[in-house]
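Please keep the sequence and the coordinates at hand while reading.

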Amino acid sequence: MTTMSRDTIVSIILLLFCGFLIWAGYQIRDPQFGELPPAAWPKAVSWVLTGFCIVYFVQSLLADRAGAEPATVTDGREPGLAGWFRWYFNPIVCLALYFTFLATLPYFGTLIGGILLVFALLSFLGGVTPRLIVNHAIIAVISVGAMWLLFTYGLRVLLPRGELFPGI
Amino acid sequence: MILDNVITAILELANLKTLLLMTVGAMAGLLAGAIPGFTIAMAIVLTLPFTFGMEASQGVATMIGVYVGGLSGGLMSGILIGIPGTPSSVATTFDGFPMARKGEPGFALGLGVWSSFFGGIIATVLLVTIAPQLAKVGLEFQPWDYFALIFFALTVTASLAGENMIKGLISGALGLIVACVGEDDINGVQRFAFGNDFLGEGFAFLPVLIGLFAFSQLMSDVRDTAKARKSLTDMGDVSVRIEHRRAITTIFRDWINLVRSSLIGVFTGVLPAAGSAISNILAYDQAKKASPTPEKFGTGHSGGIIAPEAANNATAGGALITMMALGIPGDIVTAVMLGALLIHDVIPSPAFISEQPTIAYAIFIAFFFANFLVLVLQTGALRGFVLVTKVRMYVLASIILVYCGIGVFSLNNITNDMWTLAIFGVIGYIMRNLKFPLAPMILGVVLGPIAERWLSRSLALSTDISEFFTHPWSLFFIIASLFSIGFSLYQRDRGKKVWTLWYAPLLMLALTIPLVMMGGTVRPVLAGLMGLWAVWMLVRLPRNARAMQST
């Protein structure tokens, strides 16, 4: 039995996305004026994208059938979901921290939220020892503090302030 | 007239603030270019928020400082530690690192620094002379031609994705879809919004670009904990003095290589999407082929450093030619610059140089001056590089991640842009891992709305689709697009399969048609010469085919 390569799975997901785009293209309101209706360009691009995705799907299927080495090989990572999770653990945690920063921005504001984010990222990526914690805290305060000062007073940008610390 | 414009532009730039900004930009570019993992595009992207509060010419001058600095900075880490700082310095490493290992790092750096400088100066001369002429050609363009030109830019971008051409095409189309989200520019109708306010506002181009490119790059940099905790000083010795005099003498002796590589660089830059990452390798390859001692390449040969470094700096000039003359960004860097100009209500187009001569010539002068600035700053940057190399990658990545968010916010002062950044950071990271090239998507996002606008204007003038084939420039670009789609197959099979022998003569024959249609004297003559050359290639084709089959 031939197993599906990552490219085949991706092409199927893309084809489903194309289906959704085509459906969404027909939901765009037509104001009945102008030579180019608002839906025409998105629809055209959606159909072109669908065509490319079909080619990608067929290419991937043929590669699977031929038993060829997939173009997107796994770079020495362990198989299975656990292996995948371990491989992408750092980016996943970093992204989660970043999204937490964004979600808490209305409460902490840019300065405090930014310092907390940099400190959390540094401690997660660099490791945690008493000395490193102090180093990371200093780096976080200086770097984000300098950025905040530069943007607030140098570039006159009113960065988001938090409800908990309305002054900064 | 030109002299007046040059003098006005010099006066515009010759103030302490602009010079200081350019110096800081060039220094930042040199350092960013020197750090592996931080590309020039990323350095430019990170500079962008600072330019919002500046005047247009100041902002662009600063970015040009970063651009030229980044192109030159890549050679430092490539030569000293064997890891190219940017993709534009990959070929420099082939001979630069072996030369440094042989005990001549100062000479290798000198060759790199001075070749970059001379390459940049040659490109400036071409930029000043070619851009206004190309802009005059651009004034002939009608809506159909513009649409076809953008179509060509997108197909070239995708075709340069090499073996992953289909992924390049998908990536480009996805970029076009992203640009469709939100309110339609022409009719004001919401598209792909589904009643959601966030989607209804659409995605601002710069947060999308920074997310796709910089944010996802940072995620890639921190994936491996061991690598993220390393600093560059863990990888090699970086303390050295540059040998200027010996390097200049060697470069002057190899001036043909310098000029040829610079021309390759400019030509590659002019082509949409073909940036310095390609030109440095092309120039290296040509230098090796033309050298009487090709076997010495790869062992620390001076020609192997001169060629890529001259070419990558010259590419910047070429990319600026296309952006300024036609308003089409050639690569990610010029796409960001275009975005910066648009923020200041400056819209590059064929009329840009004649209508906004101060800014246009300020760009020329800034590019010229940036090359001198970078040359002077290299020695200092080398010391700065030594300091930066002591910083761990994860520290840089963490700080830059937050900086990206703050920088993006300052664009429109809305937090939605920060969310856009994060969302496209995730998309960019996924695409990187699935080996989808990001450049076509970014150009798709930039060029999508422009393409739609020109298509709308074309259809407003005439609903007859055949207009795209009867306007000579439009036909020219459509033919070039069709051939560019097959270019990656041609590259793959060149010298191995007989069909590739048909590619060049057929392309030339096909292009003669629009050239003849353009009328005048020069273009039909050019078409005639191209036609004759194509016929000559076709006559020789059977003999070449037999030779290919026998080998």
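Two residues are taken to be in contact if their C-beta atoms, placed from the backbone, lie within 7 Å. In that sense, what covers the buried residues of α1(A) includes α2 (40–66) of chain A together with α8 of chain B. The model is predicted, and the predictor gives the complex an ipTM of 0.91 and a pTM of 0.79.

**Confidence**

- The mean pLDDT of chain B is 84, and 95% of the residues of chain B reach 70 or more.
- Where pLDDT is low, the predicted coordinates should not be read in detail.

**Chain A: fold and extent**

- Chain A is more spread out than a compact globule, because its radius of gyration is 24 Å, well over the 15 Å that the globule rule gives for 168 residues.
- Taken along the principal axes, the C-alpha atoms of chain A fill a box of roughly 55 × 55 × 25 Å.
- Of the 168 residues of chain A, 30% count as buried, and among the contacts in chain A with a separation of 6 or more, 64% are accounted for by residues 24 or more positions apart.
- Chain A is divided into domain 1 (6–73) and domain 2 (82–154), and the centres of these two domains, taken over C-alpha atoms, are separated by 37 Å.

**Helix α1 of chain A**

- Helix α1 (residues 6–25) of chain A has 20 residues, which at 1.5 Å a residue should span 28 Å, and the 28 Å between its end C-alpha atoms agrees with that expectation.
- The buried residues in α1(A) are A:D7, A:T8, A:V10, A:S11, A:C18, A:L21, A:A24 and A:G25, and their cover includes α8 of chain B as well as α2 (40–66) of chain A.

**Chain B: fold and extent**

- Chain B has 26 helices and 2 strands, and its C-alpha trace spans about 65 × 65 × 50 Å along its principal axes.
- For 551 residues, a compact globule would have a radius of gyration near 24 Å, and the 23 Å of chain B agrees with this.
- Of the 551 residues of chain B, 60% count as buried, and among contacts in chain B between residues at least 6 apart in sequence, 79% join residues at least 24 apart.
- B:L271, in the loop between α13 (255–270) and α14 (276–290) of chain B, is buried because 22 other C-beta atoms lie within 10 Å.
- The C-alpha atoms of B:L271 and B:Y403, which are 132 residues apart along the chain, are separated by 32 Å.

**The two domains of chain B**

- Chain B is divided into domain 1 (2–455) and domain 2 (470–550), with 31 Å between the centres of the two, taken over C-alpha atoms.
- The contact between these domains takes 14 residues from domain 1 of chain B and 11 residues from domain 2 of chain B.
- On the side of domain 1 of chain B that touches domain 2 of chain B, the largest share, 9 residues, comes from helix α7 (residues 143–159) of chain B, and by class this side has 8 nonpolar, 4 polar and 2 charged residues.

**Helix α23 of chain B**

- The 14 residues of helix α23 (residues 472–485) of chain B should span 20 Å at 1.5 Å a residue, and its end C-alpha atoms are 20 Å apart, in agreement.
- Helix α23(B) is mostly covered, with 10 of its 14 residues buried, among them B:W473, B:F476, B:F477 and B:F483.
- The cover over the buried residues of α23(B) includes α7, α22 (467–470), α24 (487–493) and α25 (500–517) of chain B.

**The interface between the chains**

- In the complex, 50 residues of chain B are in contact with 52 residues of chain A.
- The elements of chain B that give two or more residues to the side touching chain A are α8 (165–180), α11 (225–228), α19 (393–412), α20 (416–433) and α21 (439–461), and the largest share of that side, 10 residues, comes from α19(B).
- By class, the side of chain B that touches chain A has 32 nonpolar, 10 polar and 8 charged residues.

How values were computed: Residues are numbered from 1 along each chain as its sequence is written. Chains are lettered from A and ligands numbered from 1 in the order in which they are written. This is a predicted model: local features need pLDDT of at least 70, side-chain atom pairs count only at pLDDT 80 or more; totals for chains, interfaces and linings use all residues. Helices (H or I, at least four residues) and strands (E, at least two) are DSSP runs, numbered from the N terminus. Ala, Val, Leu, Ile, Met, Phe, Trp, Tyr, Cys and Pro count as nonpolar, Asp, Glu, Lys and Arg as charged, and the others, Gly among them, as polar. Domain bounds come from an automatic or database domain assignment. A residue is buried if 20 or more other C-beta atoms lie within 10 Å of its own, exposed if 12 or fewer, and partly exposed in between; C-beta atoms are placed from the backbone. The radius of gyration is taken over C-alpha atoms; the globule rule is 2.2 Å times the number of residues to the power 0.38. The expected span of a helix is 1.5 Å times one less than its number of residues. pLDDT is the predictor's confidence in each residue, from 0 to 100.
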